[in-house]
2 protein chains.
Amino acid sequence: MKQSSLFTKTSKTAPSDAVSANAALLERGGFVYKNSAGVYSYLPLGWRVIRKISDIVREEMDAIGSVEMLMPALVDKKYLEATDRWGVDVGYRVRGIGEAVDAFALGWTHEEVLTEIVSHHISSYRDLPFSAYQVQTKFRNEARAKSGILRGKEFIMKDMYSFHATQEDFESFYEKSKQAYANVFKRCGLDAYCTRAAGGAFTGNITHEFQVVSPVGEDVIYVCPKCRYAENKEVATVKAGDKCPKCMGVIEEKTAIEVGNIFPLGTKYADAFNLTFTAEDGAKKPVIMGSYGIGISRLMGTIAEIHHDEAGLVWPASVAPFAVHLLDFTKSGTAAKDAYEALQKQGVAVLWDDRQTSAGDKLATADLLGIPLRAVISEKTGDKIEIKKRGSDEVTLGTIVDLI
Amino acid sequence: MKQSSLFTKTSKTAPSDAVSANAALLERGGFVYKNSAGVYSYLPLGWRVIRKISDIVREEMDAIGSVEMLMPALVDKKYLEATDRWGVDVGYRVRGIGEAVDAFALGWTHEEVLTEIVSHHISSYRDLPFSAYQVQTKFRNEARAKSGILRGKEFIMKDMYSFHATQEDFESFYEKSKQAYANVFKRCGLDAYCTRAAGGAFTGNITHEFQVVSPVGEDVIYVCPKCRYAENKEVATVKAGDKCPKCMGVIEEKTAIEVGNIFPLGTKYADAFNLTFTAEDGAKKPVIMGSYGIGISRLMGTIAEIHHDEAGLVWPASVAPFAVHLLDFTKSGTAAKDAYEALQKQGVAVLWDDRQTSAGDKLATADLLGIPLRAVISEKTGDKIEIKKRGSDEVTLGTIVDLI
């Protein structure tokens with residue numbers, strides 16, 4: 001893509017209200033725009049990152065046999081009344097102009113909706129197990145909307161739900177989902193701890209959060225870096241300095257960003273919506289469920305928090321908006337045009353800075369945007385291209401073959 | 001995909017409240033589920049169709065140089081107050097539980113939001129022209145929500161906005177968008193009339209709607225099938241039986257479904273948000289805009305209305321959820337498994353009906369789901385596969401090579 005066809009411009013100064021690196025850098029680079037507190041637009045560069053993260057998530061959910069679908073954002077009162085969640089304070093209410101009552105909530109989660117849908121399709125043990133997921137805009141009336149796109153009133157989530165005939169089958173899928181989640185975060189360039197946490201449908205039930213250590217995180221976790229054992233503070237059985245119960249490592253206290261969570265739901269939702277199946281022995285039983293979330297937009301913010309330096313963002317190649325940032329310092333621009341077309345022909349995602357501006361401005365913009373490979377064509381490089389990896393100081397002379 | 005991993009089941013009977021073929025067939029086939037009046041879930045099969053339509057739309061918008069982004073569904077009061085649209089009755093209002101005032105509307109269109117964003121990035125004629133689009137869930141407080149997914153309270157739209165320095169440049173892009181729209185509808189298997197219509201930002205301004213002739217349509221249009229001249233009734237200068245002003249054809253009156261529209265916006269939104277640029281001569285001028293919509297979910301409903309017979313849906317290959325529906329009538333299932341794996345290896349999107357049910361049930365389900373190629377493996381076909389195109393009666397014996 002030519003940089004001139006992006007309508008966004010970068011900014012040299014951080015927005016005055018940005019309290020975190022992700023907010024400052026993503027806004028300065030033109031990845032996101034803050035429309036209201038906690039409400040963001042994903043500008044063309046940022047949307048490319050969101051789509052790359054979403055595709056990684058989709059691939060890993062598909063790989064464990066889950067199927068994609070889309071449920072409504074308008075969640076009918078009937079759903080949330082069935083589980084006493086109509087009045088929970090994270091919710092937004094929706095009504096038509098001039099109407100006296102709220103007809104809908106804006107969905108922040110979809111256990112109720114999917115359980116009711118499934119109850120019309122499932123009747124036998126032969127219909128189980130299965131799981132379904134969606135990548136969807138979600139809403140929370142979030143008073144603490146402050147850390148850029150880490151905690152928003154409107155955000156993009158992947159939520160998945162699984163349905164099982166037996167507890168053993170549920171547990172087997174739950175373990176598979178842990179591995180799929182580990183794959184997602186690793187592919188996104190993040191080191192996430194699978195952390196024991198509270199919050200299940202039943203008191204005392206253990207759930208798991210995926211936590212990325214970062215000073216801007218809102219959670220406190222206790223981790224053993226040696227064996228990767230981790231507990232959220234809320235359910236902690238260890239404290240900093242303790243010996244880890246699983247190995248000889250020493251427990252550390254960290255602040256961390258929660259990028260995903262997985263929950264055993266037991267039969268709570270099946271009971272509320274009468275979702276039963278006939279078992280092999282003819283008995284009617286409630287379906288056992290689990291739910292599995294990943295914050296897609298929060299993941300973008302977390303990657304920005306972890307992967308940046310003082311000059312700007314340093315995107316991992318897997319989620320970068322482009323693979324190559326082509327800068328042209330020549331007068332004619334012919335060599336850059338040829339290189340751009342050759343790279344496009346090879347299917348390389350290339351952003352060509354075709355703006356009429358100084359070399360210094362182009363270099364600073366490239367550092368801010370953080371595309372993995374910077375390719376400079378100038379009078380002094382002749383028929384070669386100066387190639388530099390973002391985040392490294394090493395500069396090599398090469399040809400377009402080295403960029404493919 | 002194995003049919004057993006879809007959790008949905010088909011139904012032999014139409015929902016009692018379905019008033020249109022698209023609602024009846026899409027619900028019976030398990031493509032969509034009605035959660036509330038005008039509010040639908042896209043089940044795995046339906047979501048595959050939506051994604052195929054979206055990808056076609058994206059390709060055609062990218063081809064005319066538009067860039068994709070995503071704006072919020074929560075549209076701040078400040079945006080709509082600036083253009084006196086805060087109180088328009090198609091809007092939904094959003095407030096937090098226990099809060100006294102509505103903070104947001106749910107976006108049904110995004111002229112205001114994008115114009116304000118752009119005003120922070122654009123300053124010179126060198127920054128123009130450009131256009132940006134999004135594929136997004138939109139909301140309308142729709143009293144007439146009745147025709148399946150043709151008119152919903154929540155629906156999926158592609159909305160695009162273009163920004164220009166001159167009227168000539170706008171007009172040139174407007175004509176390009178007409179061609180891109182024609183490409184989209186043709187690729188989706190629809191014959192859409194580009195129809196003169198009202199509704200522009202200025203009285204007397206002409207806009208264009210893309211209309212597909214169908215008895216369930218809510219619009220009345222006058223068309224000349226010979227030269228494809230078309231006018232919406234609201235602005236009609238001709239009536240049925242008239243001679244077409246453009247050719248010697250005869251005008252016909254038709255009911256039609258509006259699947260897209262394109263609007264000149266003039267400087268209405270630029271004026272409201274002070275979106276100006278410095279022209280080559282140094283003068284400050286307001287930006288000239290256009291807006292361009294396609295109803296993605298409505299398109300799915302329209303395709304279902306146009307492409308079905310009494311047995312079920314007949315998807316055009318371009319938007320079909322799968323390319324091949326593999327049915328197995330043998331006891332062992334070995335040949336079907338081999339064929340399934342071979343097709344998957346070749347990258348063919350194949351749905352394998354691996355359910356334990358009768359041949360009659362499988363054939364009826366295949367007709368209802370409407371996947372373009374049906375491939376039957378049975379004891380009597382030996383090592384051949386019986387191949388039938390949905391919508392045709394001709395059956396041929398072939399091999400998997402004929403399905404690739």
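Start at strand S20 of chain A, residues 350-353. Val350(A) and Trp352(A) point one way from the strand, Leu351(A) and Asp353(A) point the other way, and all are buried. Buried here is a count: 20 or more other C-beta atoms lie within 10 Å of the residue's own, while exposed is 12 or fewer and partly exposed is in between, with C-beta atoms placed from the backbone. Helices (H or I, at least four residues) and strands (E, at least two) are DSSP runs, numbered from the N terminus.

Some housekeeping. This is a predicted model, where local features need pLDDT of at least 70, side-chain atom pairs count only at pLDDT 80 or more, and totals for chains, interfaces and linings use all residues. Residues are numbered from 1 along each chain as its sequence is written, and chains are lettered from A and ligands numbered from 1 in the order in which they are written.

Which strand pairs with S20(A)? Strand S19, residues 324-328 of chain A, pairs with S20(A) in the parallel sense over four bridges. Two strands pair if DSSP finds at least two bridges between them. In S20(A), Val350(A) is the bridge partner of Val324(A).

Now step back to the whole chain. Chain A has nine helices and 23 strands. Its C-alpha atoms fill a box of roughly 80 × 65 × 45 Å along the principal axes. Of its 404 residues, 51% count as buried. Take the contacts in chain A with a separation of 6 or more: residues 24 or more positions apart account for 67% of them. Two residues are in contact if their C-beta atoms, placed from the backbone, lie within 7 Å.

Next, domains. Chain A is assigned domain 1 (3-309) and domain 2 (322-403); such bounds come from an automatic or database domain assignment. The C-alpha centres of the two domains lie 37 Å apart. Seven residues of domain 1 are in contact with nine residues of domain 2 in chain A. On the domain 1 side, those residues divide into one nonpolar, four polar and two charged. For the classes, Ala, Val, Leu, Ile, Met, Phe, Trp, Tyr, Cys and Pro count as nonpolar, Asp, Glu, Lys and Arg as charged, and the others, Gly among them, as polar.

Helix H1, residues 21-28, is mostly covered, with six of its eight residues buried. What covers the buried residues of H1(A) includes helix H2 (44-63) and helix H7 (296-306) of chain A. Just after H1(A), Gly30(A) takes a positive phi of about 75 degrees. Strand S7, residues 130-139 of chain A, has eight of its 10 residues buried. Strand S3 (residues 67-68) of chain A runs parallel to S7(A), joined by two bridges. Strand S8 (residues 154-164) of chain A runs antiparallel to S7(A), joined by 10 bridges. Look at Tyr133(A): the bridge partner of Glu68(A), and opposite Met160(A) in S8(A).

On to the two chains.

The interface: 48 residues of chain B are in contact with 48 residues of chain A. S5(B) gives the largest share of the chain B side, five residues. By class, that side has 26 nonpolar, 13 polar and nine charged residues. Strand S5 (residues 92-96) of chain A and S5(B) pair in the antiparallel sense over five bridges. Gly96(A) stands opposite Tyr92(B).

Last, the core. Of the 247 residues in the largest nonpolar core, Ile53(A), Leu326(A), Ile53(B) and Leu326(B) touch the most other members. A nonpolar core is a set of buried Ala, Val, Leu, Ile, Met, Phe, Trp, Tyr and Cys residues joined through C-beta atoms within 7 Å. In soluble globular proteins, nonpolar side chains tend to be buried together.
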